[in-house]
Amino acid sequence: MKYLLLIVGVLLVYWIVRANLRRRRDRIEAAKQDKVLTDDMVRCADCGVHLPRAESLTVRGRFYCCAEHQRRHDPGA
Ligand SMILES: [Zn+2]
């Protein structure tokens with residue numbers, strides 16, 4: 001009976017430590033993801049909407065959310 005309690009205690013400690021480690025790793029991953037998102041977000045020069053750089057139009061160093069806004073904002077380009 002004493003050993004059973006010991007085993008349960010060890011398992012409990014192991015489980016708590018593992019849960020803490022996982023939570024910390026999740027937080028680090030989330031922070032990393034946040035950073036990637038904020039790094040890759042650009043602002044439409046016309047309407048000001050934020051969108052991922054990969055989905056934006058870049059004309060003469062400015063970002064746009066769509067071709068229509070690019071034309072409206074900078075007709076000469
Ligand atoms: Zn726009």
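What pattern does the protein follow when read along the sequence? The protein follows the pattern α-β-β-β-β-α.

This is a predicted model, in which local features need pLDDT of at least 70 and side-chain atom pairs count only at pLDDT 80 or more, while totals for chains, interfaces and linings use all residues. Residues are numbered from 1 along each chain as its sequence is written.

**Figure 1. Overall form of the protein.** The protein contains two helices and four strands; these are DSSP runs numbered from the N terminus, with helices being H or I of at least four residues and strands being E of at least two. Along the principal axes, the C-alpha trace spans about 85 × 15 × 15 Å. The radius of gyration is 25 Å, whereas a compact globule of 77 residues would have one near 11 Å. That radius is taken over C-alpha atoms, and the globule rule is 2.2 Å times the number of residues to the power 0.38. Of the 77 residues, 8% are buried. A residue counts as buried if 20 or more other C-beta atoms, placed from the backbone, lie within 10 Å of its own, as exposed if 12 or fewer do, and as partly exposed in between.

**Figure 2. Tyrosine Y3 in helix α1.** Y3 is found in helix α1, which comprises residues 2-40. Y3 is exposed because it has 7 other C-beta atoms within 10 Å.

Figure 3. D46 lies in the loop that joins β1 (41-43) to β2 (50-52). With 18 other C-beta atoms within 10 Å, D46 is partly exposed. Beyond its neighbours within four places in sequence, D46 is in contact with Y64, H69, R72 and H73; contact requires C-beta atoms, placed from the backbone, to lie within 7 Å. R22 is 24 residues from D46 in sequence and 43 Å from it in space, C-alpha to C-alpha.

**Figure 4. Backbone of R60 between β3 and β4.** R60 occupies the loop between β3 (57-59) and β4 (62-64). Although R60 is not a glycine, it has a positive phi of about 50°. R60 is exposed because 9 other C-beta atoms are within 10 Å.

**Figure 5. Residue A67 in helix α2.** A67 belongs to helix α2, residues 67-73. A67 has 10 other C-beta atoms within 10 Å and is therefore exposed. The C-alpha atoms of A67 and L51, which are 16 residues apart along the chain, are separated by 14 Å.

Methods: Two residues are in contact if their C-beta atoms, placed from the backbone, lie within 7 Å.
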